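Colleague: I would like to learn how to read pockets and charged pairs in a model such as this one. Could you take me through them step by step?

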Amino acid sequence: MCRSLRYCVSHCLYTAMTRLEEANREVNMHSSVRYLGYLARINLLVAICMGLYVRWEKTADALILVIFILGLFVLGIASILYYYFSMETASLSLSSLWFGFLLGLLCFLNNSAFKTDVKEEATKYLLLSAIVLRILCALVERICGCIHHRPTLLTTVEFLELVGFAIASTTMLVEKSMSIILLVMALAMLIIDLRMKSFLAIPNLAIFGAIASLLFFPSLQIPTNPFALACFFSCLISDPLLDVYFSGLSVTERWKPYLYRGKICRRLSVISVGVIELIFFILAAFKLRDLDLWYFVIPGFSIFGIFWMICHVIFFITLWGFHTKLNDCHKVYYTHHAENNSLDRVMASKGMRHFCLISEQLVFFSLVATAVLGAVSWQPTNGIFMSAFLIVLPLESMAHGLFHELGNCLGGTCVGYAVVIPTNFCSPDGQPTLLPPEHVQELNLRSTGMLNAIQRFFAYHMIETYGCDYSTSGLTFDTLHSKIKSFLELRTADGPRHDTYILYYSGHSHGTGEWALAGGDALRLDTLLDWWREKNSTFCSRLIIILDCENSQPWVKEVRKVNDQYVAVQGAEMARVVDIEEADPPQLGDFTRQWVEYNCNPDSNISWSEKGRTVKAVYGVSKHWSDYTLHLPTGSDVAKHWMIYFPRITYPLVHLANWFCDLNLFWVCKACFRCLKRLKMSWFLPTVLDTGQGFKLVKS
């Protein structure tokens with residue numbers, strides 16, 4: 001009897017442990033991160049419930065109890081929609097709206113009597129832990145590759161939480177409620193500014209945090225819960241702030257929701273910006289009512305107000321001219337859409353980069369004028385003015401960031417050369433040998449596929465093709481030397497050198513990364529870089545080497561030591577041991593096919609961070625790669641731009657703006673930013689690196 005009982009118990013334990021083991025295998029990193037997100041939301045929900053309970057207990061206000069019960073009822077409905085009806089979008093939308101609303105109530109229903117309550121202290125700690133968990137969840141999601149970045153301005157969750165918070169502010173007086181609603185709009189603009197990775201987004205974040213916490217809420221003279229405010233702000237800002245580093249989207253991908261809008265929508269957006277700027281100017285004019293300092297206020301506002309108006313007339317003309325050129329690009333893009341021409345390549349062909357580089361200076365001058373006018377007409381007791389100021393700054397920052405990034409990434413000319421030596425065998429002396437006859441047909445098919453793929457890559461990204469050499473018997477050192485030197489000497493039709501030179505190689509390589517050539521010769525990276533320095537000594541072009549061979553890692557490591565040229569190496573890493581039952585062994589050409597598909601198909605679902613890949617990607621860049629810039633407009637280019645787009649009366653101011661921007665007053669900031677970018681590229685190399693030519697370098 002005991003033996004039978006012991007057998008049953010041991011068998012049940014064995015079955016339970018087996019099931020638990022299987023379950024643990026199925027629970028991957030994505031599920032763990034999702035549970036961490038659930039924990040953060042549950043923690044926040046408990047904090048909100050406890051905080052509202054304290055307020056009802058201390059004030060005995062029945063309305064708080066009704067809202068509290070209604071909130072729990074709505075969140076229960078959201079859970080039912082999620083778990084029983086699989087309506088994930090509706091459930092998240094409903095819960096986000098109520099989270100924002102209830103958190104807003106927790107912010108604005110505050111009293112000094114609550115501070116002594118133990119439950120209020122517990123609420124504060126719960127809110128702080130919710131902040132930590134939310135930031136930790138967002139960070140882990142991005143480190144583990146659980147986030148697939150998509151082009152968007154505001155997510156549905158962010159928009160609804162902002163709306164809920166704004167609705168909660170209607171419990172106050174109209175003027176104070178309007179101030180907070182405008183502040184919520186400013187926060188939405190700041191989130192978009194960060195997600196677009198604008199050049200001045202981080203300073204805007206610092207300005208918003210300082211003004212909102214130190215000046216805005218004290219000016220309203222209402223008791224607020226700083227912990228609830230910090231929780232609301234942190235939960236909304238954590239994703240876009242982390243995406244400044246982790247997002248691998250290119251400029252046109254990030255701005256896709258705006259750049260691909262219809263003509264009427266974009267024109268209306270420009271008019272809306274003009275109306276917001278005018279409202280800000282009217283609010284700034286209220287400073288003239290301050291008669292105590294009339295001798296300072298009236299002359300200062302008159303001078304800087306007129307200056308601001310002229311600057312923003314230029315700003316408005318610049319935005320309107322940009323959209324006129326963008327409309328022309330749209331016509332070409334939709335006419336030749338079947339040819340897979342992307343919008344950024346069309347914009348480059350239409351001279352958009354030149355327009356953006358000049359417009360960037362003018363928009364920055366307008367941004368400075370706004371900051372000066374805001375300082376001169378500052379109203380410490382007017383919350384509406386402060387909110388309008390915080391709305392205008394991100395709007396102008398986004399315009400500056402758009403022109404800055406398009407000016408830096410569009411218009412680069414590019415030329416490519418491909419070398420394919422289809423051999424997998426090497427004699428003991430290092431010389432490539434001919435393949436056995438039974439492998440010739442298979443290898444020819446694979447090599448043809450490589451050539452077709454790299455030609456597709458050149459054609460898709462409008463890269464001028466120098467040639468694609470294919471040799472089954474290998475190339476001699478002298479032949480390859482002659483061809484590569486001729487390739488590196490190529491220039492554009494107008495005379496200057498190309499901005500980017502792409503060299504592709506697929507074939508046998510030695511363990512040190514050297515290319516195996518006919519006659520026992522080999523091509524080392526140092527030799528190739530010497531040829532490049534010889535041709536590029538007085539120019540600032542860059543060289544990108546793409547390797548599809550079994551030993552590309554040594555070159556990837558070596559190129560990181562180069563400090564006098566802009567050079568990058570994209571290589572492949574093939575798995576040494578592969579389970580044949582689960583996947584085919586990797587071969588030359590697999591990386592080329594996947595990499596070209598990734599860079600030529602926007603809808604590709606290739607994930608380089610996927611576990612169990614037989615072919616992985618690896619890349620390296622030279623030390624000063626992040627310093628690379630394209631050709632900048634000359635003085636005559638700028639003068640011609642003024643004559644085309646601006647009325648003659650604005651010429652003096654445009655000259656002044658150009659002179660001011662040429663002073664390079666922010667050279668210290670730029671030097672620090674350059675050092676930070678170098679540090680990022682050397683210590684925290686991104687998983688996806690946008691080259692600015694429409695294609696990306698990747699690593700697994």
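Modeller: What follows goes from a pocket to the charged residues beside it, and then to salt bridges elsewhere in the chain. Please keep in mind throughout that this is a predicted model.

Colleague: What volume does the second largest pocket have, and which residues lie nearest its centre?

Modeller: The second largest pocket has a volume of about 1,800 Å³, and of the 48 residues that line it, Glu88, Leu92, Arg134, Glu141 and Val157 lie nearest its centre. Several helices give two or more residues to this lining, including helix 3 (62-83), helix 4 (88-108) and helix 9 (226-246), while the largest share, nine residues, comes from helix 2.

Colleague: How many nonpolar, polar and charged residues does that lining have?

Modeller: By class, there are 20 nonpolar, 14 polar and 14 charged residues in the lining.

Colleague: Is Glu141 buried or exposed, and what does it touch?

Modeller: Glu141, which belongs to helix 5, is buried, because its relative accessible area of 18% is under the 20% cut-off. Leaving aside residues up to four places away in sequence, Glu141 touches Val33, Cys146 and Ile147. Glu141 is also part of a network of salt bridges that links it with Arg134, Arg142, Asp239 and Asp243.

Colleague: How should I think about such pairs, and how many salt bridges are there?

Modeller: The general idea is that side chains of opposite charge can pair when their charged atoms come close. In this model the count comes to 20 salt bridges. One of them joins Glu121 with Lys124, with the closest N and O atoms 3.6 Å apart; the two residues are three apart in helix 5, so about one helical turn separates them. Lys124 is buried at 17% relative accessibility, whereas Glu121 is partly exposed at 29%.

Colleague: Which parts of the chain does the salt bridge between Arg456 and Glu597 link?

Modeller: Arg456 and Glu597, whose closest N and O atoms are 3.1 Å apart, link distant parts of the chain, as Arg456 is in helix 17 (residues 437-460) and Glu597 in helix 21 (residues 590-600), 141 residues apart. Arg456 is partly exposed at 37% relative accessibility, and Glu597 is partly exposed at 25%.

Colleague: Where do Glu489 and Lys535 lie?

Modeller: The salt bridge of Glu489 with Lys535 has its closest N and O atoms 2.4 Å apart. Glu489 lies in the loop between helix 18 (477-488) and strand 3 (500-506), and Lys535 in helix 19 (residues 525-536), so the pair ties together parts that are 46 residues apart in sequence. Glu489 is partly exposed, at 43% relative accessibility, whereas Lys535 is buried, at 17%.

Technical notes:
Residues numbered from 1 in each chain as written. Predicted model: local features only at pLDDT ≥ 70, side-chain atom pairs only at ≥ 80, totals over all residues. Heavy atoms only, no water. 1 Å grid on protein atoms, 1.4 Å probe; cavity = no way out; pocket = protein on both sides within 12 Å on 5 of 7 lines; lining within 4 Å. Points joined across faces, edges and corners; volume = space filled by probe spheres on them. Helix = DSSP H or I, 4+ residues; strand = E, 2+ residues; numbered from the N terminus. Nonpolar A, V, L, I, M, F, W, Y, C, P; charged D, E, K, R; others polar. Buried < 20%, exposed > 50% of the residue type's maximum accessible area, 1.4 Å probe, protein only. Contact = heavy atoms within 4.5 Å. Salt bridge = Lys/Arg side-chain N within 4 Å of Asp/Glu carboxyl O.
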